[in-house]
Amino acid sequence: MNKYVLDLRVVSVDALSEKYVLIKLTYDELLPDMIPGQFVEVLVNNGSHTFLRRPISINYVDIEKNQLWLLVAMVGDGTRSLGKLKSGDTLNCVLPLGNGFTYPDTVMQAAEKRFLLVGGGVGVAPLLYFGKELHDMGAVPSFLLGARTAKDLLLVEEFMRFGNVYLTTEDGSGGEKGFVTDHSILKHEQFDQISTCGPLPMMKAVARYAAQVNTYCEASLENMMACGLGACLCCVEKTKEGNVCVCKEGPVFNVKKLLWL
């Protein structure tokens with residue numbers, strides 16, 4: 001898949017909470033094709049301490065409006081700068097990068113299979129676009145979304161457009177109390193494919209659950225990815241097949257290839 005360096009125009013920056021913003025971007029020409037699970041590298045113009053690009057998951061692609069959505073957690077100088085963007089500003093992006101989630105082979109297979117998409121915190125980001133694509137193929141995906149508190153649950157209404165949504169919070173302020181792997185849906189329903197993204201302990205717990213019930217599972221890793229092209233070696237992950245660059249070989253991996261189980 002071809003990669004592009006584009007100056008995208010900011011349509012809006014919506015504050016979802018004190019910590020999270022949703023940035024919607026567009027381009028004068030048609031945006032490139034993008035696959036759920038891929039990411040972009042954005043340029044942060046805020047001085048010498050933020051000279052490295054920031055990797056941001058592709059949250060959603062609105063084909064009709066020619067928009068790319070990026071869900072950003074403002075946790076450092078670079079991402080806080082992104083949160084200060086305004087409508088009309090320009091954001092330089094390298095895209096699309098990496099490999100995405102596994103699609104069903106056919107529409108018939110999509111309608112017959114049961115998909116569980118598990119996300120935690122800002123890790124829910126790539127699951128929205130994947131859920132939308134599965135929905136368009138005739139599937140009814142289930143989203144299992146976790147956060148520390150109810151105010152940290154992100155884009156729940158958007159997820160509800162494309163499937164069934166189940167929530168957990170650590171303090172019990174939204175959905176069931178506990179971690180995603182504590183949710184009752186895992187005790188009452190079976191799935192054919194699980195895709196997950198979020199904090200590493202959460203993804204490892206999801207991978208263990210998938211192994212216990214003998215379900216195919218893939219995870220989108222969030223290693224630090226400075227270049228996005230496999231050149232800087234910042235994002236190397238040890239796997240059963242040797243060391244790999246997450247930005248180039250991933251970020252989505254079959255968990256059986258990782259050293260988690």
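Predicted model: local features only at pLDDT ≥ 70, side-chain atom pairs only at ≥ 80, totals over all residues.
Is R161 buried, partly exposed or exposed? R161 is partly exposed, with a relative accessible area of 45%; here buried means under 20% relative accessible area, exposed over 50%, and partly exposed in between (1.4 Å probe, protein chains only).

Residues are numbered from 1 along each chain as its sequence is written, and side-chain values use heavy atoms, with hydrogens and water left out.

**The chain as a whole**

The protein chain has 7 helices and 16 strands; helices (H or I, at least four residues) and strands (E, at least two) are DSSP runs, numbered from the N terminus. Its radius of gyration is 18 Å, which agrees with the value near 18 Å for a compact globule of 261 residues. That radius is taken over C-alpha atoms, and the globule rule is 2.2 Å times the number of residues to the power 0.38. Along the principal axes, the C-alpha atoms fill a box of roughly 50 × 40 × 35 Å.

Of the 261 residues, 52% are buried. Contacts (heavy atoms within 4.5 Å) tell a story about sequence distance: among those between residues at least 6 apart in sequence, 61% join residues at least 24 apart. The accessible surface comes to about 12500 Å², with 49% of it belonging to carbon and sulfur atoms; these areas come from the Shrake-Rupley method with a 1.4 Å probe, and for residues only the protein chains shown count as cover.

As for charge, the mean positions of the 25 positive and 29 negative charges are 6 Å apart. Lys and Arg count as positive and Asp and Glu as negative, with His and the chain ends not counted; the place of a charge is NZ of Lys, CZ of Arg, CG of Asp or CD of Glu.

**Backbone details**

Two cis peptide bonds are worth a visit. One joins L95 and P96, with omega about -15°, and P96 is in strand β7 (residues 90-97). Another joins G250 and P251, with omega about 10°; P251 is in the loop between α7 (246-249) and β16 (252-254).

Positive phi values also turn up. N214, which is not a glycine, has a phi of about 60° and lies in the loop between α6 (200-212) and β13 (216-220). N214 is exposed, at 65% relative accessible area. L233 has a positive phi near 65°, sits in the loop between β13 and β14 (236-239), and is exposed at 54% relative accessibility.

**Buried places**

L6, in strand β1 (residues 4-15), is buried at 9% relative accessibility. Leaving aside residues up to four places away in sequence, L6 touches Y27, P32, L91, N92, C93 and L95; L95 is also a partner in the cis bond to P96.

E237, in strand β14, is buried yet has no salt bridge, and the nearest side chain of opposite charge, K204, is 7.0 Å away. Residues that E237 touches include L221, N223, V244 and W260.

Helix α3 (residues 125-136) has 10 of its 12 residues buried, so it is largely enclosed by the rest of the structure. K132 and E133 are among its buried residues. After α3 comes G138, with a positive phi near 105°.

**Salt bridges**

Side chains of opposite charge can pair when their charged atoms come close. The whole structure holds 6 salt bridges, each a side-chain nitrogen of Lys or Arg within 4 Å of a carboxyl oxygen of Asp or Glu. The table shows some of them.

| Pair | N to O distance |
|---|---|
| D77 and R80 | 2.9 Å |
| K132 and E133 | 3.4 Å |
| E158 and R161 | 2.5 Å |

D77 and R80 are 3 residues apart in helix α1 (residues 77-83), and so are separated by about one helical turn. D77 is partly exposed, at 39% relative accessible area, and R80 is partly exposed at 39% too.

In the second pair, K132 and E133 are both buried. Salt bridges with shared partners join K132, E133 and D136 into one network.
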